[in-house]
Amino acid sequence: MKTWILEPHDPLIARDGRPFTAAPGIRATTLPFPFPSTLAGAARTRGGRDEEGIFTAKIEDVKKLAASGSLLVQLDKDGLVEEWFAPTPADALLLESDQGQDQASLRRLKPLGLGKGLSVLPHDWLPVGLPDTAERRKPHSKAPHFWRWTQFKAWLRAPQDQTLALCELGLPGLLQDARTHVSVTPGSQTAEEGALFQTRGLEFAYRATGEELSLTRRLALAVATDAEIREGFDFLGGERRMSHWREAAVVAGQTDLFLSDCLPEVLNSIQHNEWHCRVVLLTPAVFKQGAQPAWLIEAPKDVTVEIKAAAMNRYQVVSGWDFELGQAKPTRRLAPAGTVFFLKLTGKKDKLIAWANALWMKCVSDEEIDRRDGFGLAVIGNWDGNVEELKYA
């Protein structure tokens, strides 16, 4: 697979499924971040075109092409990747800090032991939360939606409670650009009656607090695919907004995450903690049983995978249009990006190490087609295996 950078040159509309018809005042809204299937479809479409831009490939062939991602990246002035971002892990809670709104108290959520008389969760999973109910501060209203990879990597290695600046941790999310449109009658050059509509798109740029406009940071999407893609401009998302494809290159000292190996310090920690670990989703995943992974548990040979607990936010839904069949795809629920599974592994040491290395930056959705579409891209983090007893204030 090669890693490609897809940089939108216009606000990107990643449609959220709500109808966009010719009704007066209609609005085309966007998701906060595009689904992996959007980038997979774009890569297959571009890979299936000839030099004149005509799609000549067979649909059954391009559907076999895999794509992993997408991930948010920051580019330097030359278009090189200078920073990677990951979705906020669900086992991290940001609370208001006494040091001001630009600071936050980061708290680690842990699997909790149930007291006598409390109900159990499905699949016999343990609940995940703060062990001490004496914490009275509110969740931070400006908590980042994307973490810088340096902070995310530290959280994978050894999650710790701490106080830090929000700008050091990550980005609050992509800004949305709202545009109002109207249809103009050619003869009179006046607005056509009832032909007013609005679109919202994602801005792939941001300016840090206190920085000048000339220091606006460029953002883009990174996706790994085995499709044969040519560099250049192409359409992406709703309203055929323009984006640019080019092969990824990183600045000195950075690593292409799609080509990276499992962190050695994470592997060492997992071994030290009797093969307890966390699996964190970088993209939403599709599981047949809702929040319960099947392929992740059943696929490994010579390794037994047991889920002890899971931390996740509210589910997402995905649908779309099947151009091959000419009909809408069924609506499905997704385990959102940032979902964390707490696992206990059993097996021989060499098999466990091989399993951990094989899982790093691979997709863990149940169906093969969903894994090829990039759903369920995962990494592994450390977990000490401890279950905290809930302390009541």
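Start with the sheet: 5 strands make an open, antiparallel sheet in the order β19-β24-β18-β26-β25. Strands pair here if DSSP finds at least two bridges between them; helices (H or I, at least four residues) and strands (E, at least two) are DSSP runs, numbered from the N terminus.

This is a predicted model, where local features need pLDDT of at least 70, side-chain atom pairs count only at pLDDT 80 or more, and totals for chains, interfaces and linings use all residues. Residues are numbered from 1 along each chain as its sequence is written, and side-chain values use heavy atoms, with hydrogens and water left out.

One of the bridge pairs is Ala-311 with Val-340.

Now the pockets. A pocket is an open set of points on a 1 Å grid over the protein atoms alone, where a 1.4 Å probe fits, with protein on both sides within 12 Å along at least five of seven lines; lining residues have an atom within 4 Å of a point.

Which residues lie nearest the centre of the largest pocket? They are Ser-37, Gly-320, Trp-321, Phe-323 and Lys-329, out of 47 lining residues. Helix α1 gives the most to that lining, with 7 residues.

In the second largest pocket, 40 residues form the lining, and Pro-87, Thr-88, His-145, Asn-313 and Ala-337 are the closest to the centre. There β3 gives the most, with 4 residues.
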